[in-house]
Amino acid sequence: MAPAAIQTETVTVPVQLPSAIRLNPKGTGQYKELAPNKFDPETELGKKEYPPAKYPNYLPTWNPEQKYPPLEPFEHYEHGKDADTTYPDLLPEGVATVTHLTPTIGTEVKGIQLSSLSDAGKDQLARFVAERKVVAFRNQDFADLPIDKALEFGGYFGRHHIHPTSGSPEGHPEIHLVHRGAGDNGADKYFENRTSSVAWHSDVSYELQPPGTTFLYILDQPDTGGDTLFADAVEAYNRLSPAFRERLHGLRATHSAIEQANASVNRGGIKRREPVVNEHPIVRTHPATGQKAIYVNPQFTRDIVGLKKEESDAILKFLYDHLAYGADFQVRVKWEPGTVVVWDNRVTQHSALLDWKSGQRRHLARITPQAERPYETPYEG
Ligand SMILES: [Fe+2]
């Protein structure tokens, strides 16, 4: 039905309700819904058997009155291009401790405060994160800042994305919250029907200008579990044969917000904007590093433009499997109190894990600056 409409540059697709999840008829949608149960406010405030939320100012609210028009294009400025790549302001010698977690992806940094960075330091942060793909900064004061100060910091890197369906702190829709309340038995329920909670994706890749440098900071966490997996989509591209890489160049794929919006509406959640479908190149180039990355993911990508369904399904399944099985270009970040993880959504994929059964609260906040519209540069061999 209407594949031509899907193949236009930007399509606003009205959601038909109360329909079940509407899949692109040609698509390979594998969208996994991991939304938590509604939380009990009394439990979150510590009035029952669990300790209170450490950051009650960050508890989620869902305001059905928040209705926004479609996002407008804007010009993104990539600060990573301006960075001194010896990183004197971000990683001053003798002050910062830098530990690479794997050869290509993942670094742990101790000894510096993100909130004190100068603009030069922020430029270096954007570039360092683009190079290392994901960086865990330990012992940060970020969660203790007033929320508007945290947003001011994040706003340096791009226009704040307001998520179409997620909860946010009262008055701050620019903050995307990841919150599973204390006592939530969602893991038990989830695994009645699924074998794994792994759901690789790049955040909101369906937007015309998806996010680049992205911040996620921990507020409350289980004693163990709830780590976050990251995959290096540049190394994944580089592992492919020249012939296959060359074939991927020039191909474009659709990315859909429809399933996520429908899932939210079907559970009584919010829908701040009508869902969009956008096309992006399968191989995108990073504006600061020039590196090329695979940019399709099973949560939001639906089909390859111009191919028949079986062709599209086969290539996408291969790319999803390649990224998911590539433990030799992945890293697993363990959260600690005070950790801020910064990653570049243009050149990575990630997955949360729903693997703890202690009923302990997991609560994080994300700041999601949008970046340029994905583009590709020619195959270089
Ligand atoms: Fe995500």
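These legends accompany several close-up views of a predicted model.

View 1. Start with helix α4, which spans residues 147–155 and has I147, A150 and G154 as its buried residues. Looking down the axis of α4, you would find these buried residues within an arc of 60°, so they line one face of the helix. On the face turned away from the buried side, α4 carries the exposed residues D148, K149 and E152.

**View 2. What α4 packs against.** Which strands meet the buried residues of α4? They pack against β5 (175–180), β6 (213–220) and β16 (362–367).

**View 3. The largest nonpolar core.** This core holds 66 residues, and Y217, A233, I294, L323 and V342 touch the most other members. Helix α9 (residues 309–325) supplies the largest share of the core, six residues. Another core, of eight residues, lies apart from this one and includes Y206, I258, V276 and F300.

**View 4. The surroundings of Y217.** Leaving aside residues up to four places away in sequence, Y217 touches Q140, F142, A143, T339, V340, L364 and A365.

**View 5. E380, after the strand β16.** Look for E380 in the segment after β16. Is E380 buried or exposed? With 10 other C-beta atoms within 10 Å, E380 is exposed, because a residue counts as exposed if it has 12 or fewer. Although E380 and R245 are 135 residues apart along the chain, their C-alpha atoms are separated by 9.5 Å.

Terms used:
Residues numbered from 1 in each chain as written. Predicted model: local features only at pLDDT ≥ 70, side-chain atom pairs only at ≥ 80, totals over all residues. Buried ≥ 20, exposed ≤ 12 C-beta atoms within 10 Å, placed from the backbone. Helix = DSSP H or I, 4+ residues; strand = E, 2+ residues; numbered from the N terminus. Arc of directions from axis to C-beta. Contact = placed C-beta atoms within 7 Å. Core = buried A, V, L, I, M, F, W, Y, C linked by C-beta atoms within 7 Å.
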